[in-house]
Protein chains: 2
Amino acid sequence: MPRTKGDHEARRRDVSEAVWQVMATRGFAGLTLRAVAAEVGATTGLLTHYFPTKHALVEYALDLLEQRTVSRPRRQAGEGLAAVRDALLDILPLTPEATDSNRIWVSSWDTALSDPVLSTGYARKYAQSRDRLTERVAAAQELDELPPGDPADIAAGAQAFVLGLVVQVLFDPAAFPPQRQVELLDDYLAALTASR
Amino acid sequence: MPRTKGDHEARRRDVSEAVWQVMATRGFAGLTLRAVAAEVGATTGLLTHYFPTKHALVEYALDLLEQRTVSRPRRQAGEGLAAVRDALLDILPLTPEATDSNRIWVSSWDTALSDPVLSTGYARKYAQSRDRLTERVAAAQELDELPPGDPADIAAGAQAFVLGLVVQVLFDPAAFPPQRQVELLDDYLAALTASR
């Protein structure tokens, strides 16, 4: 029976989903052709058609992580401080989907830090993220909703705060339910605001 | 020639140092018997005497990380807010040694998150670290150097801030030289203080 283009696309989606699931449960350390094959219900042989090497699998996984992050739904940004808050809330693991995505990001740091090319790419990605946040901080300063001072420093501090909160939530979700994450972020923003 | 106890101890120290170096440069993803053997200048066969399995090597590496963290030099804690600041400075990658150690911690998160036993151990470790910080925060509140409010929340926020800063520094050391790390931490503490 001839395979159709539809079959091929459907199989490709299944493989993506399987790679995502393996990363969300086992991290990059557990990302193997065998694990993906088991998840998708295919033979390891078939998987080598998609990923001839382990390196190809890791590269695919990193691209998938990037794509899903870029295309994830975002809060409709308010203005000023509300827009800063929205951007930070968008990062936190407040839903199961955001938890999986953060879990995979944190897990990818080991791989990224040990590869100079990847590491440079990550540094650029985080710098761009700080730059976007810096613009929102500057806009909030213009509205006098944040204190004066270098907006890049305020953005770097805020990014540090949410990244570190992500790590603590992943290890101890019981201690950091979504409501507490939001409260801690609001305490952080309140302290920034109070120092005007 | 009979091997003496001294030889054995010296070799053990060499192996520890080699495991540390491999982790600091290649992370847990690159921690293999072969890499450790190459670093220590021994055969892989000799290394299997120390680490019969990959699991044994990873376990040893995690113990080594824990030991070196526990025994690292600490700032002589001042009182009140100064003691909070000292504890946070002790975490930051302000020296090459602290950078290696942080690099290995961040790298270990992938391994730890994918293993329920390790993950529980990490959660406990970070909770204890927050508890110790909570005591210092409460002491600073008694001196009216920090605002009232749940000291556990203030400690969790401060821990989040430094952990996230660590991650940003590791990926982009040029953007976060030691002086800027300290300034960002001091800005963070100043905002907390100003909200009294």
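Modeller: Let's start with a term. A polar contact is a pair of N or O atoms within 3.5 Å; within protein, one of them must be able to donate a hydrogen and the other to accept it, and residues adjacent in sequence count only if both atoms are side-chain atoms. Between chain B and chain A there are 16 residue pairs in polar contact, with both residues at pLDDT 80 or more.

A word on the ground rules. This is a predicted model, where local features need pLDDT of at least 70 and side-chain atom pairs count only at pLDDT 80 or more, while totals for chains, interfaces and linings use all residues. Residues are numbered from 1 along each chain as its sequence is written, chains are lettered from A and ligands numbered from 1 in the order in which they are written, and side-chain values use heavy atoms, leaving out hydrogens and water.

Now the meeting place itself. Counting a contact as heavy atoms within 4.5 Å, 44 residues from chain B and 44 residues from chain A take part. Together the chains bury about 3,400 Å², and 65% of that is on carbon and sulfur atoms. Buried area here is the accessible area (1.4 Å probe) that two parts lose on being put together, summed over both. On the chain B side, B:Asp110, B:Leu113 and B:Phe171 lose the most area to chain A, together 23% of what that side buries.

Which parts of chain B do the touching? Here helices (H or I, at least four residues) and strands (E, at least two) are DSSP runs, numbered from the N terminus. There are four salt bridges between chain B and chain A, a salt bridge being a side-chain nitrogen of Lys or Arg within 4 Å of a carboxyl oxygen of Asp or Glu. At least two residues of the touching side come from each of α1 (5-26), α6 (96-113), α7 (116-142), α8 (151-171) and α9 (178-194) of chain B. The largest share of that side, 14 residues, comes from α8(B). By type, the side of chain B that touches chain A divides into 26 nonpolar, 10 polar and eight charged residues. For that sorting, Ala, Val, Leu, Ile, Met, Phe, Trp, Tyr, Cys and Pro count as nonpolar, Asp, Glu, Lys and Arg as charged, and the others, Gly among them, as polar.

Side chains of opposite charge can pair when their charged atoms come close. Another is B:Asp172 with A:Arg130, at 3.4 Å between the closest N and O atoms. B:Asp172 lies in the loop between α8 and α9 of chain B and A:Arg130 in helix α7 of chain A, so this pair joins two chains. Both B:Asp172 and A:Arg130 are buried, where buried means under 20% relative accessible area, exposed over 50%, and partly exposed in between (1.4 Å probe, protein chains only).

How do the two copies sit relative to each other?

For some background, look at chain A by itself. Chain A has nine helices and zero strands, and 49% of its 196 residues count as buried. Its C-alpha atoms fill a box of roughly 70 × 35 × 35 Å, taken along the principal axes.

A:Glu66 pairs with A:Lys125, the closest N and O atoms being 2.8 Å apart. That pair links distant parts of the chain, with A:Glu66 in helix α4 (residues 54-70) and A:Lys125 in helix α7 (residues 116-142) of chain A, 59 residues apart. A:Glu66 is partly exposed at 28% relative accessibility, and A:Lys125 is partly exposed at 26%. Over all chains, the whole structure holds 12 salt bridges.
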